[in-house]
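Visitor: I have a structure to look at and some questions about it. Could we go through it step by step?

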Amino acid sequence: MANSAQARKRARQAAKANSHNSALRSKMRTAIKAVRKAIESGDKAKAAEVLKQSSKTLDIIADKKIIHKNKAARHKSRLAAAIKGLAQAAA
């Protein structure tokens, strides 16, 4: 355990940051799942709208450096491609 006041404070700060970052990662995963669920429903317009909202969430989390910006871009790209594929499959 932390023996100095400085180490105790850092331990408290680390625990608080871990809790906050975990909540943000959970929010990100929920946003991705929402898009996937909309894609599975087959409604392209709804899926595109949900993707727009989820993209904002991913960008915010990437800006806070919870995840790398390239990871956010990769998720957005793959979800957009899935929506595009949904449109082509329906045609």
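Visitor: How many salt bridges does the count come to?

Guide: This is a predicted model, in which local features need pLDDT of at least 70, side-chain atom pairs count only at pLDDT 80 or more, and totals for chains, interfaces and linings use all residues. Residues are numbered from 1 along each chain as its sequence is written, and side-chain values use heavy atoms, with hydrogens and water left out. A salt bridge here is a side-chain nitrogen of Lys or Arg within 4 Å of a carboxyl oxygen of Asp or Glu. By this rule the count comes to one.

Visitor: Which side chains meet in the salt bridge?

Guide: Side chains of opposite charge can pair when their charged atoms come close. In this model the N to O distance is 2.8 Å, and the side chains that meet are those of Asp59 and Lys76.

Visitor: Where do Asp59 and Lys76 lie, and how many residues apart are they?

Guide: Helices are DSSP runs of H or I with at least four residues, strands are runs of E with at least two, and both are numbered from the N terminus. The pair links distant parts of the chain. Asp59 is in helix 2 and Lys76 in helix 3, and their separation is 17 residues.

Visitor: Is Asp59 buried, exposed or partly exposed?

Guide: Buried means under 20% relative accessible area, exposed over 50%, and partly exposed in between (1.4 Å probe, protein chains only). Asp59 has a relative accessible area of 33%.

Visitor: What pattern does the chain follow along the sequence?

Guide: The chain has three helices and zero strands. Read along the sequence, the pattern is α-α-α.

Visitor: What radius of gyration does the chain have?

Guide: The radius of gyration is taken over C-alpha atoms, and the globule rule is 2.2 Å times the number of residues to the power 0.38. For 91 residues, a compact globule would come near 12 Å. The C-alpha atoms here fill a box of roughly 65 × 20 × 15 Å along the principal axes. The chain's radius of gyration is 18 Å.

Visitor: How far apart are the end C-alpha atoms of helix 1?

Guide: The expected span of a helix is 1.5 Å times one less than its number of residues. Helix 1 has 37 residues, so it should span 54 Å. The distance between its end C-alpha atoms agrees with this, at 54 Å.

Visitor: Which residues of helix 1 are buried?

Guide: An α-helix has 3.6 residues a turn, so residues three or four places apart point the same way. The buried residues of helix 1 are Leu24, Met28, Ala31, Ile32, Val35, Ala38 and Ile39.

Visitor: Which residues is Thr57 in contact with, leaving aside neighbours within four places in sequence?

Guide: Thr57 also has its place in helix 2. At 16% relative accessibility, Thr57 counts as buried. Leaving aside neighbours within four places in sequence, its contacts are Lys27 and Ala31.

Visitor: Is Lys65 buried or exposed?

Guide: Lys65 lies in the loop between helix 2 and helix 3. Its phi is near 60 degrees, a positive value in a residue other than glycine. With a relative accessible area of 73%, Lys65 is exposed.

Conventions: Contact means heavy atoms within 4.5 Å.
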